[in-house]
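Reader: I have a model open and a few things to ask about it. Can we go through it piece by piece?

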Amino acid sequence: MAMLLMGLLSCLILLNSCAISVISWQPNDQDASEMATLPDYDQYLGEYLKPGDSLALLLDYDGTLAELTSHPNLTQMSGEMRQALRNIADSGKAFVAVISGRDVDGVKEKIGLENIIYSGNHGLEVLYPNGTRHNQGIPNDVAGNFDKMIDHLNREVVHHGSWVENKRVSITFHFREAEQQYVEEMARRAKEIIESYGYRANEAHASVEGKPPVQWNKGLAAEYILGTSYDPSWRQRKVIFAGDDTTDEDVMQMIKGSGRSFRVTKDKALVTNADYKIPSVDAVYHLLKWIEARIAG
């Protein structure tokens with residue numbers, strides 16, 4: 001024991017002569033809960049976005065620009081976040097689009113800025129600043145099942161705190177506030193009902209989403225928006241995206257290697273296509289402030 005203590009003491013005194021093992025997470029594997037409250041965006045983006053550069057900024061809304069709440073109607077974007085986003089959009093150096101799972105008019109109402117592009121229902125709807133719209137086509141036979149699907153969900157699986165959000169072309173079955181003992185079965189049955197009416201079902205934050213069987217997602221929507229509204233050669237431009245949900249992974253995958261993306265999560269084990277993990281909506285706010293200062297040059 002004495003010999004061991006002397007060896008340890010020698011190591012403390014002669015640090016330069018002792019090999020010290022340091023665990024270093026790659027950015028994509030970093031445990032967001034253990035990251036600094038304010039991520040080092042100079043490290044993440046300093047070499048990518050130079051002072052004065054222009055860029056395309058794509059963002060999710062719920063869980064990214066605004067905290068998740070028990071009900072979507074309760075979600076509010078902070079005034080500071082809105083002002084930072086407004087400053088970026090008004091800078092003349094940034095193209096801004098928000099791609100949300102909400103219906104397009106709902107997400108515009110929540111954010112309230114006029115000079116950005118809004119995309120709703122995971123990219124099925126696009127609303128431009130001049131009021132024009134682009135909607136992906138939905139087969140008539142499937143669209144005809146929409147109200148029947150909602151009625152069936154309401155009759156069979158809406159109970160003990162769950163509910164159905166009608167987004168006009170898609171739905172979300174929410175069980176965040178449901179009693180835990182019912183969640184597994186109601187989620188399983190909701191998925192079966194959604195698929196029985198010809199819609200695609202996928203899991204999201206404490207919910208099951210029902211989308212029309214259109215080969216479309218947030219990634220394809222982002223590609224469409226960038227190519228038609230920003231620059232056909234957008235892959236040679238600077239593109240940054242932030243999102244918090246599984247549906248945002250399609251955008252992260254689509255811009256991988258050319259743009260930079262951030263997944264808002266505290267889950268160390270989460271596998272993501274994003275380049276980096278950041279821990280919170282507040283970290284997104286500081287990302288916007290970093291971008292605002294950067295493009296001001």
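Reader: Is Pro213 buried, exposed or partly exposed?
Author: Pro213 is partly exposed, with a relative accessible area of 34%. Buried means under 20% relative accessible area, exposed means over 50%, and partly exposed is in between, with a 1.4 Å probe and protein chains only.

Reader: What sort of model is this, and how is the numbering done?
Author: This is a predicted model, in which local features need pLDDT of at least 70 and side-chain atom pairs count only at pLDDT 80 or more, while totals for chains, interfaces and linings use all residues. Residues are numbered from 1 along each chain as its sequence is written, and side-chain values use heavy atoms, with hydrogens and water left out.

Reader: Back to Pro213. Where is it found?
Author: Pro213 sits in the loop between strand 9 and helix 8 (218–230). Helices (H or I, at least four residues) and strands (E, at least two) are DSSP runs, numbered from the N terminus.

Reader: What does Pro213 touch?
Author: Not counting residues up to four places away in sequence, Pro213 touches Val142, Gly198, Tyr199 and Arg200. Contact here means heavy atoms within 4.5 Å. Pro213 and Ala201 are twelve residues apart in sequence, with 9.5 Å between their C-alpha atoms.

Reader: Strand 9, then. Which strand does strand 9 pair with over five bridges?
Author: Strand 9 (residues 207–211) pairs with strand 8 in the antiparallel sense over five bridges. Two strands pair if DSSP finds at least two bridges between them. Glu203 has Val208 of strand 9 as its bridge partner.

Reader: What is the order of the strands in that open sheet?
Author: The order of the four strands is 6-7-9-8, with antiparallel pairing. Strand 6 (163–166) and strand 8 (200–204) are the edge strands, each pairing on one side only. Direction ignored, neighbouring strands of this sheet are turned by 20° against each other on average.

Reader: Which strands does helix 6 touch?
Author: Helix 6 (residues 146–156) packs on the sheet and touches strand 6 and strand 7 (171–174); its direction makes about 160° with that of strand 6. Helix 7 (residues 180–196) also packs on the sheet, touching strand 7, strand 8 and strand 9, and its direction makes about 0° with that of strand 9. For these angles, axes are lines fitted to C-alpha atoms, for helices over the stretch in contact, and angles run from 0 to 180 degrees between N-to-C directions.

Reader: What links Arg189 and Glu156?
Author: Their side chains meet in a salt bridge (2.3 Å, N to O). Arg189 lies in helix 7 and Glu156 in helix 6, so the pair ties together parts that are 33 residues apart in sequence. Arg189 counts as partly exposed at 23% relative accessibility, and Glu156 counts as partly exposed at 34%.

Reader: What is the rule for a salt bridge, and how many are there?
Author: A salt bridge is a side-chain nitrogen of Lys or Arg within 4 Å of a carboxyl oxygen of Asp or Glu. By this rule the count is 20. Glu156, Glu185, Arg188, Arg189 and Glu192 are linked in a network of them.

Reader: What about Asp105?
Author: The side chain of Asp105 meets that of Arg133 in a salt bridge (2.7 Å, N to O). This pair links distant parts of the chain, with Asp105 in helix 4 (residues 104–111) and Arg133 in strand 5 (residues 133–135), 28 residues apart.

Reader: Change of topic. How many residues has the largest nonpolar core?
Author: The largest nonpolar core has 41 residues, and those with the most contacts inside it are Leu57, Leu65, Leu85, Ile111 and Phe262. The largest share, eight residues, comes from helix 10 (residues 281–296). Such a core is a set of buried Ala, Val, Leu, Ile, Met, Phe, Trp, Tyr and Cys residues joined through side-chain atoms within 4.5 Å.

Reader: Which residues is Leu85 in contact with?
Author: Leaving aside neighbours within four places in sequence, the contacts of Leu85 are Leu57, Leu59, Leu65, Met77, Val96, Ile111, Leu113, Ile116 and Leu288. A second, separate core of 21 residues includes Ile150, Ile171, Ala178 and Ala190.

Reader: And the chain as a whole, how many helices and strands?
Author: The protein chain has ten helices and twelve strands. Buried residues make up 48% of its 297 residues.
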